[in-house]
Amino acid sequence: MPTTMRKISLLFFISFLFLQLKADPQVDLLNANTAYKNSQFAEAVSLYEKVIAAGYASSELYYNLGNAYYKSGQLPSSILYYERALKLDPSNEDIIYNLKVANNQIIDKIDELPALFYEKWWSTAITLFKPDTWAIITLVLFFIFFLMLAIFLLSRSIGIRRLLLPVAIVLLFITLGTFIIAHKTTDNAVNRKNAIVFAPVLNVKSSPEDNGTDLFVIHEGLKVEIIDELSGWREIKIANGSKGWIKSETIIPI
């Protein structure tokens, strides 16, 4: 009897370890990568989604899932995850390229409103580095500024104090600028004001109701901006500035 109990306990322990190993997101990630390499794209999608459901998120994970969705012919989902990847790594050329390829295959080709020069500059600045990189740059600049400030306060040399004062002031303004950019890039990474259309054909209404006037038609895969929400409806804006209302379930926020 004791021998039987030991065998049962050992079997239970081995089963427990097997289940724990099988549930490990790192194992799922490795299996997903293997499935993708073997052109088992549906399996790769399922495993990548499982890793995300476990609470993991990164630009690489979203990018791989976007590729798996694209290879499996699910264009809106691939665009969604390329966009999510780009939010975390806005300067990644591979993500930008694949997103462009996917967007070239959607039905809607909408010309964007021309951006003002400062808007172009700002857009370039916030996509230059990852949010974490901007935060690190800001911290380093703050440290240098306070180091210079300490030297300025402790130094008895008038020449050094005269040299450090203007440099410290300029550095302070640069640091404040990087802080604003770091805050903006972090906000862009976590906010969900943009979304991807998942309805094959969608009539955009003049008001949040079924009998509202049809303003224009959009199709799956299009990126829209969410500007308001009301009772199961969302007001959206597209790249050319046109606005209207659609049902909430027809889009998925990025």
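## Largest pocket

The largest pocket of this predicted model holds about 1,800 Å³ of space. A pocket here is an open set of points on a 1 Å grid over the protein atoms alone, where a 1.4 Å probe fits, with protein on both sides within 12 Å along at least five of seven lines. Its volume is the space filled by probe spheres set on the points, with grid points joined across faces, edges and corners.

The lining counts 39 residues; a lining residue has an atom within 4 Å of a point. Nearest the centre lie Glu83, Glu112, Ser123, Asn194 and Lys223. Two or more lining residues come from each of helix H5 (75-88), helix H6 (93-103), helix H7 (117-126), helix H9 (158-190) and strand S4 (223-230). Helices (H or I, at least four residues) and strands (E, at least two) are DSSP runs, numbered from the N terminus. H7 gives the most, with 5 residues.

By class, the lining has 17 nonpolar, 8 polar and 14 charged residues. Ala, Val, Leu, Ile, Met, Phe, Trp, Tyr, Cys and Pro count as nonpolar, Asp, Glu, Lys and Arg as charged, and the others, Gly among them, as polar.

## H5 against H6

The axes of H5 and H6 come within 10 Å and cross at roughly 155°. That makes the two helices roughly antiparallel, a label for angles over 145 degrees. Axes are lines fitted to C-alpha atoms over the stretch in contact, and angles run from 0 to 180 degrees between N-to-C directions. The crossing is left-handed: the near helix is turned anticlockwise from the far one by less than a right angle.

H5 brings Leu75, Ser78, Ile79, Tyr82, Glu83, Ala85 and Leu86 to the contact, and H6 brings Ile95, Ile96, Asn98, Leu99, Ala102 and Asn103. Contact means heavy atoms within 4.5 Å. These residues divide into 9 nonpolar, 3 polar and 1 charged.

## H4 against H5

Helix H4 (residues 59-71) packs on H5 at about 165°, with the axes 8 Å apart. H4 and H5 are therefore roughly antiparallel. Their crossing is left-handed.

From H4, Ser59, Tyr62, Tyr63, Leu65, Gly66, Asn67, Tyr69 and Tyr70 meet Leu75, Ser77, Ser78, Tyr81, Tyr82, Arg84, Ala85 and Leu88 of H5. The contact has 10 nonpolar, 5 polar and 1 charged residues.

## H8 against H9

Helix H8 (residues 131-154) and H9 have axes that come within 8 Å and cross at roughly 160°. The pair is therefore roughly antiparallel. H8 passes H9 in a left-handed crossing. Their contact has 24 nonpolar, 5 polar and 1 charged residues.

## Basis

Local features need pLDDT of at least 70 and side-chain atom pairs count only at pLDDT 80 or more, while totals for chains, interfaces and linings use all residues. Residues are numbered from 1 along each chain as its sequence is written, and side-chain values use heavy atoms, leaving out hydrogens and water.

How values were computed:
Parallel < 35°, antiparallel > 145°, perpendicular 65-115°, else oblique.
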